[in-house]
Amino acid sequence: MTTRFRHRLVHPPEWPVYTERAQRETARLVGRGRTFDYGHGPEISRLEETMARLTGRPHCLAVNSGTSALYSAYFALGIGPGDEVLVPTLTFPTTVTPLLLLGAVPVLCDAGDAHGNVTADTLRPHLTPRTRAIGVTHLWGHPVDMDPVVELARANGLLLIEDCSHAHGSTYRGRPVGGFGDAAVFSLGGVKTVSGGMGGVLVTPHRRVHEMASLLTAFRQRSRATVEDPALTPYIGTGLGANLRMSPLACVLAQSHLDDLDRLLRAKAGNFRRLESLLADCPDLVPLTTDPGCDPGARYGLHLAVTGALEGRRDEVVAALRATGLKVRPPTTAPLHRDPLFASGPPGGWALHPGVRPGRPVRPTGPHPRADALWDSWIALPATHLYEENSTLVDAYAERITAVVADLRERAPATPTRSGR
């Protein structure tokens, strides 16, 4: 393509970006030697209080990653060997892998909506007498249709866990995600809109879940501040063997983003909506829009669906957009049923849990056509630069996307391919 574009691709620093105040505060902690906290110091306490308010949950526990938060949630809810847990196939692997460490059996369920989320209808066919819980992911911040899922869980006596790792600030029918289940987790690491570099939190309405998770992830000082159940207090001294604490430095960095979250949400929302408007006349490359009554909050990812005249040409579209300078790609994680760990089991007879024999760790659930079709049609745009209000990148993105789509429509269609297969 020889088109000369009016709008330059000028990228600000990639997220996470920290204020000078946050940098000074972390430097101050380093100078005082407060690079760790065995207890429940002010940095951890403030972060937990903020996340509890954000989700409307009374109990919050900070840990060193979203993965650790999920492991702690599943453990504290009593999920163990042989328990089946319904989970999405279209999710990041660590939504599911902590279940393997506990000897539980993930049951991969197909996507049920245009955002790749499971729905009550895609979960229900996989219920068995061994089903113990449902785990949902608000993929890229788009809320799962929670009311029917909550009803399904209650009607069948199932635990409900929300993976909100992408969904800081997301709401469903006016309620914050993370406030629907028996436990919910948020990642506070990597390029998340709220990031301490590494970190995560567990929120729950249940005091015992909070206390059990505290015993798992910490010992002595922290558990003395948290554990009150007389049946658990004798174990405060040792905990349960893990060491999954979040550092004060990570808490300060994540807190700086939480303090600025309203502005960040407005900036992301404004940029995404403006791009949707600019692409309104580009029907072959369509942004994933929000369902009525929902807000995807921090909008972890910016994804477009290749459709219409370009259907089946996802890889060709990606290559053409990259030729214009856009850092686009297919979504990072393909559906889990394509991954060898879930399709055929771990190599070399790994025993993932002493109570489970080596072999295939999931219960086969047949084809997952919706998840396959969605993932094969999606491309991911670099959204980690869109944290500034009225970003000029939106115009540059829209200009290049429109030009590429027009150019490809004029060409003879290529033979459709199924990307990632």
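Colleague: Which residue stands opposite Ile161 in β5?
Modeller: In this predicted model, Gly135 stands opposite Ile161 of β5, and the chain crosses from β4 through helix α6 (residues 146–155) to β5 in a right-handed β-α-β crossover, where right-handed means that, with the strands pointing away from the viewer, the path from the first strand over the helix to the second runs clockwise. Helices (H or I, at least four residues) and strands (E, at least two) are DSSP runs, numbered from the N terminus.

Colleague: How many bridges are there between β4 and β5?
Modeller: Strand β4 (residues 131–137) pairs with β5 in the parallel sense over 5 bridges, pairing being called if DSSP finds at least two bridges between two strands.

Colleague: And what is the bridge partner of Ile161 in β8?
Modeller: That partner is Ala183, and β5 and β8 (residues 183–187) run parallel, joined by 3 bridges.

Colleague: Which way do the β5 side chains point?
Modeller: Leu159, Ile161 and Asp163 point one way and Leu160 and Glu162 the other, all of them buried (under 20% relative accessible area, with exposed over 50% and partly exposed in between; 1.4 Å probe, protein chains only).

Colleague: What about numbering and cut-offs?
Modeller: Residues are numbered from 1 along each chain as its sequence is written. Local features need pLDDT of at least 70 and side-chain atom pairs count only at pLDDT 80 or more, while totals for chains, interfaces and linings use all residues, and side-chain values use heavy atoms, leaving out hydrogens and water.
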